Amino acid sequence: MAYVFLIINLSDYFHKLQQHFANLVAPFVMSDDKRYIQTGSGRAVCDVIRLWKNIKYMNESNTGHLINVIINGEWSDKVDAGDILVENPTAEIVGKLIGLLDSNDGYVRNASALALREIGDNTAVSPLLKAIHKKENMNNRGTLVYALENLDCSRHFMTIFALALADSFEVKMSAMDILHEQGFYIDDDDCLKAQSMLDASDIDEEEYEMLRSLLDSLHDEK
């Protein structure tokens, strides 16, 4: 028991020593890193800002650098930048990510949507639905619907049900997951409207039966 206690104390001591050393050298590291961040790749920006976070030098000004990586970086760097942003999300970060849903670049929209999914802020629901229904996004919206899985869509039953009838497999599967997992309670009117949409669709018999059974269960739960 004494050995375990000694090991824990030593581990804590070395962690504090490492932190103290990092804080001492940080101003010198940062002077070079600021130049690196201005001229480096998206990967460089993410690596440097992650270092700053580790030594408690992360601040709001770095949000702009990470948003810039989402806009201009390679796909893996866009995702990495989003991962850093979601570690400590603020209203400013959520707002900037929502703004990127209007981008003409599908990779930018998708990276932003994935970050918003992880943050789980329900203010993103309406902007995501707006992006999902843009005509120019019709062939690239699976990730946008996927992002909704982690958000409260309970007020958008008819919209989500319509997405479950979409041609895209990815869109359809995410919409069905939302319908199954979230707390929808539908009235007679919505049930009839959804049934009419279902009857008018050209989905296969198995999917038809699945959605009809789902409608029955949601209607019974009201």
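**Figure 1. The buried side of helix α7.** In this predicted model, helix α7 buries V125, L128, L129, A131 and I132. These residues cover an arc of only 160° around the axis, which puts them on the same side of α7. What do they pack against? Their partners are α6, α8 (142–148) and α9 (157–163). Helix α7 (residues 125–132) also has the highest mean pLDDT among the elements of the chain, at 98.

**Figure 2. The whole chain, for orientation.** Before going further in, here is the overall layout. The protein chain has 12 helices and 0 strands, and buried residues make up 39% of its 222 residues. Take the contacts with a separation of 6 or more: 64% of them join residues 24 or more positions apart. The accessible surface comes to about 12,800 Å², and carbon and sulfur atoms account for 52% of that.

**Figure 3. The largest nonpolar core.** This core has 53 residues, and L148, I160 and L211 are the ones with the most contacts inside it. Which helix gives the most to this core? That would be α6 (residues 106–119), with 6 residues. Zoom in on I160 and, leaving out residues up to four places away in sequence, you'll find it touching L129, L148, C153, A175, I178, L179 and F184. One of those, L129, is a buried residue of α7. As a rule, nonpolar side chains in soluble globular proteins tend to be buried together.

Figure 4. Helix α5 (residues 91–100) has I93, V94, L97, I98 and L100 buried. Down the axis of α5, those buried residues fall within an arc of 155°, so they line one face of the helix. The spacing makes sense: an α-helix has 3.6 residues a turn, so residues three or four places apart point the same way. Now look across to T63, which sits in helix α3 (residues 61–72). Is T63 buried or exposed? Its relative accessibility is 4%, so T63 counts as buried. Setting aside neighbours within four places in sequence, T63 is in contact with L85, I93 and K96.

**Figure 5. A81, fully covered in helix α4.** A81 belongs to helix α4 (residues 75–85). Its relative accessible area is 0%, so A81 is buried. Pick out S112 as well: A81 and S112 are 31 residues apart in sequence, and their C-alpha atoms are 9.7 Å apart in space.

**Figure 6. L165, a buried loop residue.** Where does L165 sit? Look in the loop between α9 and α10 (169–181). With a relative accessible area of 14%, L165 is buried. Beyond its neighbours within four places in sequence, L165 is in contact with M197, L198, S201, I203 and L211. From L165 to M197 it is 32 residues along the sequence and 8.5 Å in space, C-alpha to C-alpha. L211, another of these partners, is among the residues with the most contacts inside the largest nonpolar core.

**Figure 7. Aromatic pairs.** The model has 3 aromatic pairs. W75 and Y107 form a tilted one, at 5.8 Å centre to centre with 55° between the planes. This pair links distant parts of the chain, with W75 in helix α4 and Y107 in helix α6, 32 residues apart. W75 is partly exposed at 35% relative accessible area, whereas Y107 counts as exposed at 52%. F157 and F161 make another tilted pair, 5.7 Å centre to centre with 35° between the planes. Both lie in helix α9, 4 residues apart, about one turn of the helix. F157 counts as buried at 5% relative accessibility, and F161 does too, at 1%. Ring pairs join F157, F161 and F184 into a cluster.

Figure 8. The chain has a mean pLDDT of 81, and 71% of its residues reach 70 or more. Which element has the lowest mean pLDDT? Helix α1 (residues 2–39) does, at 47. Where pLDDT is low, the predicted coordinates should not be read in detail.

Definitions and conventions
Residues numbered from 1 in each chain as written. Predicted model: local features only at pLDDT ≥ 70, side-chain atom pairs only at ≥ 80, totals over all residues. Heavy atoms only, no water. Helix = DSSP H or I, 4+ residues; strand = E, 2+ residues; numbered from the N terminus. Buried < 20%, exposed > 50% of the residue type's maximum accessible area, 1.4 Å probe, protein only. Core = buried A, V, L, I, M, F, W, Y, C linked by side-chain atoms within 4.5 Å. Contact = heavy atoms within 4.5 Å. Arc of directions from axis to C-beta. Areas by Shrake-Rupley, 256 points an atom, 1.4 Å probe, with all protein chains shown as cover. pLDDT = per-residue confidence, 0-100. Phe/Tyr/Trp six-rings, centres within 6.5 Å; stacked < 30°, edge-to-face > 60°.
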